[in-house]
Amino acid sequence: MRMPRLRLKGGTSLWIGGTLVAVAIAVAVAAPLIARTDPVMDANLMNAEIPPGLEFPFGTDAQGRDIYSRIVYGARISLTVGIVSQILNSLIGVTLGLTAGYWGGWWDDVVTGLTNLMLAIPSLIFALAIMAILGPGLSSLLAALGLTAWSYSCRIARAQVLSLKSQGYIQAARILGYGDLRIMFTQVLPNILGPLIVIATLGMGGAILSEAALSFLGLGIRPPFPSWGSMLSEARDQITTAPWLSVFPGLAIFFTVLGLNLLGDGLRDILDPQSTTRRT
Amino acid sequence: MTAPLLRIEDLRIALRTESATYNAVENVSFEIGRGEAFGLVGESGCGKSITALSVMGLLRRPLALAGGKIVLDGEEIQDASPAEWRRLRGKRVAMIFQEPMTALNPLSPVGRQIAEMFVLHQGAGWSEAMDRAEDALRQVQVPSPERRIKDFPHQLSGGMRQRVMIAIALACGPELLIADEPTTALDVTVQAEIIDLMRELCAAKGTAILMISHDLGLVANMCRRVAVMYAGRIVEQQDADAIFASPRHPYTRGLINSLPRLGARARQGRQRLQEISGVVPSIAGYPAGCRFNPRCVAVTDICREVSPEATPLPADGLVRCHHHG
Amino acid sequence: MLLVLGRRLANVIPTLLAVVALVFLLFSVLPGSFISGMNEDGRGAIDPAVMERMRKEMGLDDPLPERFAKYVISIAQGDLGRSFRTREPVTRLIGVRVWPSLKLVFAAMSFAILVGVTLGFVAALRPGSLVDTISMVFAISGLSLSQFWFGLMLMYLFALQLQWLPSFGYGDGGIRHLILPAIALGVGPMALLARTTRAAVLDVLNADFVRTARSKGMSERRVVSWHVLRNALVLVVTIVGLQFGSLMGAAVVVEKLFAWPGVGSLLVDSVFQRDMPAVQGCILMIVLFFLAINTLVDIAYVAIDPRIRYRR
Ligand SMILES: Nc1ncnc2c1ncn2[C@@H]1O[C@H](COP(=O)(O)OP(=O)(O)OP(=O)(O)O)[C@@H](O)[C@H]1O
Ligand code: SF4
Ligand SMILES: [Mg+2]
C-alpha cells in the first residue's frame, strides 16, 4: 500500500510546513526577547480576564497574566518535549532494530516481542501509566513520550539490516575485516537516515499532542508553568466567561503540529520516495 | 472491395511529462479485414500495447491520442464520447491483456466476472448470466466449469486464468479481439493450447484478431499479415509468408535470424536477438534520422540525418528504410 | 475461519500475558513512588495506617515471583482486586463504565468511517480537483488537531453559544449527549481514514483488473461499485483496526473533558486517587479491548478477502 499523502502541487506542503516549524522554533528560541511579561510571575489581578485587544493581543487569564507571553514560553516546552522525545525514540529504536537484525537469534525474538508489546498498548495509555508512576514534570514527560514510541524506527532499522544481509553486503564487509560497529555505521545508518528523519518529524507532532493531552489531564506540566496543554486545562473552567483562554493555546498546538505534519509529508517525498514510513 | 473492419490511419500517441511531450507512437497505419488475423510484432517498449489500448479508447494519463484516425467498420471512433466507447468495448472490440495474474479482480469469483458481460451488454439477469458464464467456461475448455465459476482467480493456474480472460473477451461475440501478448507469461506447453483455443473460437465466430507479440514466429504462424514495430513506428508490413521469404528491413531480418531454428539451435545453443546488438532506445532518447540506426548493420550517413519514409511494397506492404534490400 | 481465529488467539495470549507482566512490574515493583507521589501533589499525606493496609493488601513483603503468580491467577479468575478508595471489586467499578465507553468509541469510529471514507473516495475519484484539495487540507488539519481542544471548541460553540446540544455528561444515555464527544474523538481517525482511503482507491484505480473492467464497456460508476470498492475496503479495514489504539488513548482525554462516565475517566480519576488496583484494571481492560478489536478486524479481513481464506 502506498502512503496516504497530501499532494499539494510541487512541494507546497514542504514550504508551508517548513515555514510554520521555523516560526515555532524561532518563537521558542527568542521567547525571552519577544515575550512581553514573565509568563509565571507577572500576575496582576487588576488585569484579570481581559479579552484580546490592543493592550493584550491574546487577552489575559484569571490571574491577569498575558496569554501571548505564556504561549510564547509554551513553545519552549512543546518543542523540547517534541525534539527530545523523538531523539530518545530514534536512539532506542535504531539500537534495538540494528542489533536485532544484525545478531538475530534470541535477541531478535526479544526485540520483536517487545515491539509487539508496545503496539498492543495504546501509546497514550502507556505514557499515562508512566506519568502516573513518575509523577508530573518535564523529565517524566520526556521519559513517558521518549520510551514508548520507538517501534517504527526499530522496524525500519531491522528491515534495512535484514535486506542488506540478504544482499550479501554485510558478509562482504566482514570479509573485508570491518568490525560490527563500523558496518552498522557505514552500511546501514546512511540507508535509513531519510525514513528516520521523516518518522521523527511526524513523531514530534504526535509527542506535542500527547504532551498537551497529558498536561490537560493534570499529569504532565502542571500550572502555573505555561505549557499549552496546562493552559488549556486551566482555561476549560472559564470557557463560558473567557473563551479566548482556550482558543489561543489550541491554535498554537494546531499550527505547530500542522507544520510538523506538512513538513514530514514534504520530506517524505524527498527523503523516502519508496514511502517505507507509513503512519498507521 | 469491402471496407476493412478496422483501419488505423497515421496514429499518433503522445506521452506528456511535466517537462516535455514525446510521441510514443507515430505514423502508424494498418488495416484488418473481417475475420482476419493481423499480427503486430516488436521488442518490449516499442508501443504495441499502447497502440492496442488506443483502439479500445483506454489510453490514460500521461498517454493520450494526439492524432490520426481509428475507423471501425467505416465509422471514425477516435473522438467517440465515453458513452459511445462503452457501447463499443467488450461488445464489438474486446481485449485480452498481457498479465493473467493481475488482469482479474482478486476479490470476485471468476464466474461473476464473466457474467458481468451478459449483464452489461445483453441485459441478462444475474442468474441467467451465471448460467451462461458456465457455458462460456465450458467453451474455453475449463474442466468442471460448474465448480470453477465459484472459484477466485488465485485458485486458478495462469493458463486457466487466461482461458477465463478469453471467455470474458469472447462472451458477447465481438467483431475484433485484441490479444496483447496473451501467452508471454505462460509455460510453453500452455502457450500452444491457448493460441489454438483462441484461433479455433475466433475462426468459428468469424472474429478478427489483432495479435500482439514479440515472437515473430508465433505471429507469422497465426496471422495472414504482419506489421513489425520499432520505437513507435511500423518499419515493415507484409504478408506473413513474404516477410519470412524476403524480409526488407534490417530490423526484421535481425528478428528472423534470431528465431531459434531446428538443427541450428542444437549447434548454437539458445541465442535470442543475438543478431541485433544494443537495446531499444527510450522515448526521450530516440536518435535523429532512422531510429534503428545505432543498431543497424546497414547504416550509412543519410540514416543518421533523414528519417526514412515508408516505401510501398506489393500487396499493400511497406518498408521504412533508406536501404531496403 | 476457525483456523484464523485459533491462530490469532495463539498470538493474542502471549501478548496479553506480557501486558499483564508489564502492568504488574510497573506498578508493583515501583509502588513507592506511585503511592508516596500523593504527598507531593499536595493532596495531603497518606495516613500511615492506610499505607500499612495497602502494603499488606499488595503483599509487598512476599517475594516477587510469588506475587506475580498470585496476580496472574487472580486475574485469570476474573478478579482484579478491590479498589483502595471504595473497597468495591475493581471489576464492578469498571463494569458500569464499559458500556458508556463502548458507545463513545464506536460512535466516534462510525463517524470517522462515514466521513473519512466518503471524503477519501470523493477525493480519489477526482484527483487534483478542488474537492480533492479541500478534503485533503481538511484531512491534514484533522490530523493536527488536539482532540480535546477540538472538543472544547465544539462544546463552546454548539453547547454554550448555540445551545443545540448538552455541554457535558451522560444524560439519560441518549444520542444528544453522545454527539459532541463522538465528533471530537472521531476527528483524528476521520482525517487519517480520508487520507488512507484516497491512497487506497487511487492504487486500486491503477490496477490491471480495473483496466479489464473498463475494457468490458463498464461505466466508471460500475467499475467503482463492482470492482474498486471492495478492494479498497481491504486496506481501509486494516487502518480502522489500527486506529482503534490511538482512538482509545484519546478517549481518555475526551471522556474527562465531557465528564463522560467511561473507563477512561475512571482511569484518570483513579490515578489521582492513587487507587492502584483500579488503575491496573482499567489499563488491562483497555488493552484487552484493543486486542479484541484487532482480532475482529482480522476476521473481517478474512470475510472480505478470499485470498486469505484459502491460503496456508
Ligand atoms: N503509463 C505510462 N506512463 C509512461 N510511459 C508509458 C506508460 N505506458 C507506456 N509507456 C511508454 O510507452 C512506450 C510503449 O509502451 P508499450 O507498453 O506500448 O510497449 P510494448 O510494446 O507493449 O512493450 P511490452 O512488450 O513490454 O509490452 C514505452 O516506452 C513505455 O515506456
Ligand atoms: S534506414 Fe538506415 S539505419 Fe535505418 S534501418 Fe535502414 S539502413 Fe538501417
Ligand atoms: Mg505490452
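**View 1. The interface of chain A and chain C in the predicted model.** In this predicted model, chain A and chain C bury about 4500 Å² between them, and 78% of that area lies on carbon and sulfur atoms. The contact is made by 46 residues from chain A together with 53 residues from chain C. Across this interface the rule finds five residue pairs in polar contact, with both residues of each pair at pLDDT 80 or more. On the side of chain A that touches chain C, the elements that give two or more residues are α4 (105–120), α5 (123–134), α9 (180–217) and α11 (244–271) of chain A. The largest share of that side comes from α11(A), which supplies eleven residues. When the residues of the side of chain A that touches chain C are sorted by kind, 33 are nonpolar, seven are polar and six are charged.

**View 2. The salt bridge between chain A and chain C.** The count of salt bridges between chain A and chain C is one. The partners are A:D265 and C:R195, whose closest N and O atoms are 3.0 Å apart. A salt bridge is counted here because a side-chain nitrogen of Lys or Arg lies within 4 Å of a carboxyl oxygen of Asp or Glu.

**View 3. The interface of chain B and chain C.** Here 29 residues of chain B are in contact with 21 residues of chain C. Together, chain B and chain C bury about 2400 Å², of which 61% is on carbon and sulfur atoms. The residues of chain B that lose the most area to chain C are B:N105, B:L107 and B:L120, which together account for 26% of what that side buries. One salt bridge is found by the rule across the interface of chain B and chain C, and in this salt bridge the side chains of C:K216 and B:E116 meet at 2.7 Å, N to O. Between chain B and chain C there are also ten residue pairs in polar contact, again with both residues at pLDDT 80 or more. Three helices of chain B, namely α1 (48–56), α3 (110–122) and α6 (158–170), each supply at least two residues of the side of chain B that touches chain C. The largest share of that side, seven residues, comes from α3(B). Of the residues on the side of chain B that touches chain C, 16 are nonpolar, seven are polar and six are charged.

**View 4. The four-stranded sheet of chain B.** Strands of a sheet pair through backbone hydrogen bonds, either parallel or antiparallel. In this open sheet of chain B, four strands follow the order β2-β1-β4-β5, and the pairing is antiparallel. The edge strands are β2 (21–32) and β5 (75–76) of chain B, each of which pairs on one side only. Eight bridges hold β1(B) and β2(B) together in the antiparallel sense, and a hairpin of four residues joins β1(B) to β2(B). On the other pairing of β1(B), eight bridges join β1(B) to β4(B), and these strands run antiparallel. The residue B:R7 can be followed through both pairings, as B:R7 stands opposite B:E31 in β2(B), while the bridge partner of B:R7 in β4(B) is B:V71. Strand β4 (residues 63–72) of chain B pairs in turn with β5(B) over two bridges, also in the antiparallel sense, and there B:L72 stands opposite B:E75. Helix α1(B) lies across β1 (6–16), β2 and β4 of chain B, and runs at about 115° to β1(B).

**View 5. The eight-stranded sheet of chain B.** In this second view of a sheet in chain B, eight strands form an open sheet in the order β6-β7-β8-β3-β9-β10-β12-β11, with mixed pairing. Strands β6 (93–96) and β11 (311–313) of chain B stand at the edges with a single partner strand each, so one side of each has no neighbour in the sheet. Neighbouring strands of this sheet are turned by 25° against each other on average, direction ignored. Strand β3 (residues 37–41) of chain B is joined to strand β9 (residues 225–230) of chain B by four bridges, and these two strands run parallel; the bridge partner of B:G39 in β9(B) is B:V226.

View 6. Helix α6(B) lies across β6 and β7 (176–180) of chain B, running at about 175° to β6(B). Helix α10 (residues 250–258) of chain B lies across β3, β9 and β10 (233–239) of chain B, running at about 105° to β9(B).

Note on methods:
Residues are numbered from 1 along each chain as its sequence is written. Chains are lettered from A and ligands numbered from 1 in the order in which they are written. This is a predicted model: local features need pLDDT of at least 70, side-chain atom pairs count only at pLDDT 80 or more; totals for chains, interfaces and linings use all residues. Side-chain values use heavy atoms; hydrogens and water are left out. Contact means heavy atoms within 4.5 Å. Buried area is the accessible area (1.4 Å probe) that two parts lose on being put together, summed over both. A polar contact is a pair of N or O atoms within 3.5 Å; within protein, one must be able to donate a hydrogen and the other to accept it, and residues adjacent in sequence count only if both atoms are side-chain atoms. Ala, Val, Leu, Ile, Met, Phe, Trp, Tyr, Cys and Pro count as nonpolar, Asp, Glu, Lys and Arg as charged, and the others, Gly among them, as polar. Two strands pair if DSSP finds at least two bridges between them. Axes are lines fitted to C-alpha atoms, for helices over the stretch in contact, and angles run from 0 to 180 degrees between N-to-C directions.
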